[in-house]
Amino acid sequence: MAHSNALQDLVEQSFTSAFAHHAAGRLDDAEDDYRLLLELDEHHAAGLHYLGVLLHQRGQHDEGLALMHQAADLAAPDPDWCNDLGNVLFAGQQFAAAAKAYDDALVLRPDDAQLWNNLGAALRAQGKNEEAIGACERALAIDPQLLPAMHQLAELHGQAGERMLSSRYQCMAYVLPPHEGKSRELLAISHYFLGQPQQAAEVCRQWLQEEPGHPIATHMHAAYAGLPSDTVPRDYIVRRFDDYADHFDSNLVSHLEYRGPQVLAAVLQAELPPPQAVLDVLDAGCGTGLCAPVLAPYARRLEGIDLSPNMLGHAARHHDYAHLAQAEVSEWMSTHAHHYDLIVACDVLIYCGQLEAFFSAAAQSLRQGGHLFFTVELADSEHAAPYHLHASGRFRHQHAYLEGCLRTAGLHPLLIREESLRVEMQQAVPGLVVLARH
């Protein structure tokens, strides 16, 4: 009896030593102890299982799997061992067998979020994406902060072409702590996307504590917090669009389904005489020059202005422009009296709240009989003010306010039509398309 107890003590000491070495990454020492243990007790299930795991770590996958299966036959089912087996099978690309192992683990421990996520990965690897989504959603229902499940769901929905859902899970993952090293701007945008404007405002408030006066943090704090504002600061425009310029066209057209140039072309074709290249045209806030191909057939001379030097650099690639200048729109028009037959401000006034000065300058800059085309985002009936700064960082205007400003400036509205020029979060952004004559 004493001999038996001593042997059992030696077996357990060997296992404890082997497991400690294994956990510490000392694989040579761990393997020695596991093998010594199995010489003492060849049916020691835990020793067989963890030696199998170790051999897998060394790249000896088949031998490792054989030992793990042998261990499973000797002991009562264990969810951790089933999970280990699933992980080894997954690493060996035996995805169906891995899914079976994860299923076995979940029978024993159905409220384990990580097991559901692992099952989701094995199902996804087999192309069973709907089942994978269900498993990952189950994981998040158990642990709403399980980052790997969020990443998997973002990728699964992205593969299915469901950009909105994919972006939602990406944002959910991004706002999870820790926040060190993460972009304050992207954190705020992620909260906004998730319908959490107050959290977005708080991110900007903290950002301003770290970088007082930062133009993007200042403007977006006002937008997210719903603070009153009359215009977007000039340094915000320069910083924002200089950063955006290199990818502006693809993001605007591909992701936001921007239709400004197409709408401009349709309005000009319907409302103006056929293009004869006889007009002096100003592309006010020309950006990268998306509207240049539409305006060129009408223009004897086409000029473009923008606040962003990087945007102007891209616009210069359109050889339709006779002149490009870095300037603020109203200031430029005020110093170019009776200079233009057509002024176009496409997607520009969404960055201006108060518009009296703009319309006055446009009227001054137009020749008699000249036309002004512009687009804005439309305020809903819940907002009584003439305009307000939306949480997107862009202004929205009331129809009546625009019409009143135009008439005060001596501009006669020919067309005021509700039309969306972009989508955001897969929702059409309400807008107005306006053509007025001097």
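**Figure 1. Helix α13 and the residue that follows it.** Gly226, which lies just after α13, adopts a positive phi of about 75 degrees. The model shown in this and the other views is predicted. The buried positions of α13 are Pro215, Ile216, Ala217, His219, Met220, Ala222, Ala223 and Tyr224.

**Figure 2. The packing of helix α10 against helix α11.** Two packed helices are described by the angle between their axes and the distance between the axes. For α10 (residues 163-174) and α11 (residues 184-193), the angle is about 130 degrees and the axes lie 9 Å apart. The two helices, α10 and α11, are therefore oblique to each other. The crossing in which α10 passes α11 is left-handed. From α10, the residues Met164, Ser167, Arg168, Cys171 and Tyr174 take part in the contact, and they meet Leu186, Leu187, Ser190 and Phe193 of α11. Sorted by class, the contact between α10 and α11 comprises 6 nonpolar, 2 polar and 1 charged residues.

Figure 3. Pro178 is located in the loop that lies between α10 and α11. The peptide bond leading from Pro177 to Pro178 is cis, and its omega is near 5 degrees.

Figure 4. Leu37 belongs to helix α2, which comprises residues 27-40. The relative accessible area of Leu37 is 0%, and the residue is buried. When its neighbours within four places in sequence are left aside, Leu37 is in contact with Val11, Ser14, Phe15, His44 and Gly47.

**Figure 5. Gln93 in the loop between α5 and α6.** The loop that holds Gln93 lies between α5 (79-91) and α6 (95-108). Gln93 is a residue other than glycine, yet its phi has a positive value, near 65 degrees. With a relative accessible area of 61%, Gln93 is exposed.

**Figure 6. Ala277 in the loop between α16 and β1.** Ala277 sits in the loop between α16 (260-271) and β1 (279-284). Although Ala277 is not a glycine, its phi is positive, at about 55 degrees. The relative accessibility of Ala277 is 36%, and the residue counts as partly exposed.

**Figure 7. The whole chain as context for the close-up views.** The secondary structure of the chain consists of 21 helices and 11 strands. For 438 residues the globule rule gives a radius of gyration of 22 Å, whereas that of the chain is 32 Å, well over this value, so the chain is more spread out than a compact globule. The C-alpha trace spans about 115 × 45 × 35 Å along the principal axes of the chain. Of the 438 residues, 49% count as buried. Among contacts in the chain with a separation of 6 or more, 55% are between residues 24 or more positions apart.

Notes
Residues are numbered from 1 along each chain as its sequence is written. This is a predicted model: local features need pLDDT of at least 70, side-chain atom pairs count only at pLDDT 80 or more; totals for chains, interfaces and linings use all residues. Side-chain values use heavy atoms; hydrogens and water are left out. Axes are lines fitted to C-alpha atoms, for helices over the stretch in contact, and angles run from 0 to 180 degrees between N-to-C directions. Helices (H or I, at least four residues) and strands (E, at least two) are DSSP runs, numbered from the N terminus. Angles under 35 degrees count as roughly parallel, over 145 as roughly antiparallel, 65 to 115 as roughly perpendicular and the rest as oblique. A crossing is left-handed if the near helix is turned anticlockwise from the far one by less than a right angle, and right-handed if clockwise. Contact means heavy atoms within 4.5 Å. Ala, Val, Leu, Ile, Met, Phe, Trp, Tyr, Cys and Pro count as nonpolar, Asp, Glu, Lys and Arg as charged, and the others, Gly among them, as polar. The radius of gyration is taken over C-alpha atoms; the globule rule is 2.2 Å times the number of residues to the power 0.38. Buried means under 20% relative accessible area, exposed over 50%, partly exposed in between (1.4 Å probe, protein chains only).
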